[in-house]
Amino acid sequence: MSAAGTGARPAGGDLPGRADAVVVGAGITGAAVAHHLARRGASVLVLEQAPRPGTGATGPSGGMVRAYDPDPHVAELAAPSLAVYRRTEGWASGRSPLHAAGAVTVADPAQDAALREAAALINGTLGTSAHVVARRPEAAGIHLAGGIALVEPEAGWVAPAEVAADWLEQAAADRATVRCGVRVRAVEARGGRPVVVTDAGEVLAGSVVSAVGPWAADPVPGLRPRSPVRARSIQVSIVERRPSVPPHATFVDLRTGLYAKPAGPGRTLIGMPHLVWDPPLDARPDPEHARATARALTAHLPWLPTAPHLTTVRAADAYGPSAGLLETTGVPHVWTVRGWNGAGVKTAPEAGRRIAEAVVTAARSAAA
């Protein structure tokens, strides 16, 4: 790829006529891909239909990050991603984005051996102090409700929109162009290369990477992945954590899908699966689900019944095949990123790096 710059300019304005790589979507995964492509010398254009980055599935995400995941494909990306989040170097802000509140993964006691094996692997890879808690009622402020727990003291949560903004700032410093408020209408093959058709003009691209999250379930022409992607509703609530309540780690219960995390001083985010498939992406919050979430999580956070409810947010995420990073489309040199099945933030640093590497390699092979 050439190093012909697109010029780092604020959102809006004219589009460049061509770019080595066009990244559609400025959520956390798209921002990671753009950052790594620009760092490798590609001229990069990021297109986002919303007025600002990180406002789709990324914005309301809980942002919980840890090295462990029962899906081996996710775990392979999660451990190096946690290492990136923990570092202070490599961020435009000059500080680590990680809030190291700890992470507690609750599981059935029958998983004891598997969790201990996973803890040993995590510690060997990251030099951390992950460990299993069994035959105890509580770990890091989380009641285990009859389960056991893999505890990762060095994990926690990040603010996903802030991480995306940091990566886009670095991409712009490497001469990428970020345009918000621009809607992609189609991606077409012309002369063996993709042309991105937008409401602000057309861009001839060397490669196109679509990172549009749940919008991949109903994509614009030219961005449909080979394997089907479905959107699934996600709903979380924020409750007040009063001063008398002790701090707690982030946590997920693999038996039920219940989860929670600190959400800043005196606040906790709570959630559980909202199994509504193919929802309207602007669907309103479901009050009954919010109440059911609080009731179910009382087993893990006994103080919840008296906690004031502050707000409920509903969004959606993309779900698709668990293996692979990229899906081909019907247009040459155009890919969509996989459906992340709720793990996009946890895997974004390493996934973005690998996706950028794959796109650069493919471009060099095509030019050879």
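Biologist: Which element supplies the largest share of the lining of the second largest pocket?
Modeller: In this predicted model, local features need pLDDT of at least 70, side-chain atom pairs count only at pLDDT 80 or more, and totals for chains, interfaces and linings use all residues. A pocket is an open set of 1 Å grid points where a 1.4 Å probe fits, with protein on both sides within 12 Å along at least five of seven lines; lining residues have an atom within 4 Å of a point. β14 (230-240), β17 (267-271) and β18 (309-319) each give at least two lining residues. The largest share, three residues, comes from α4.

Biologist: How many salt bridges does the count come to?
Modeller: Residues are numbered from 1 along each chain as its sequence is written, and side-chain values use heavy atoms, without hydrogens and water. A salt bridge puts a side-chain nitrogen of Lys or Arg within 4 Å of a carboxyl oxygen of Asp or Glu. E76, E350, R353, R354 and E357 form a network of them. The count comes to 15.

Biologist: Which helix holds both D112 and R116?
Modeller: Their side chains meet in a salt bridge, 2.6 Å from N to O. The two sit four residues apart, about one turn, in a helix (DSSP H or I, at least four residues). That helix, residues 112-126, is α3.

Biologist: How far apart in sequence are the parts tied together by R230 and D278?
Modeller: The side chains of R230 and D278 meet at 2.7 Å, N to O. R230 lies in strand β14 (strands are DSSP E, at least two residues). D278 lies in the loop between β17 and α5, so the pair ties together parts separated by 48 residues.

Biologist: Is D253 buried or exposed?
Modeller: D253 forms a salt bridge with R255, closest N and O 2.8 Å apart. Buried means under 20% relative accessible area, exposed over 50%, partly exposed in between (1.4 Å probe, protein chains only). R255, at 35%, is partly exposed. D253, at 1%, is buried.
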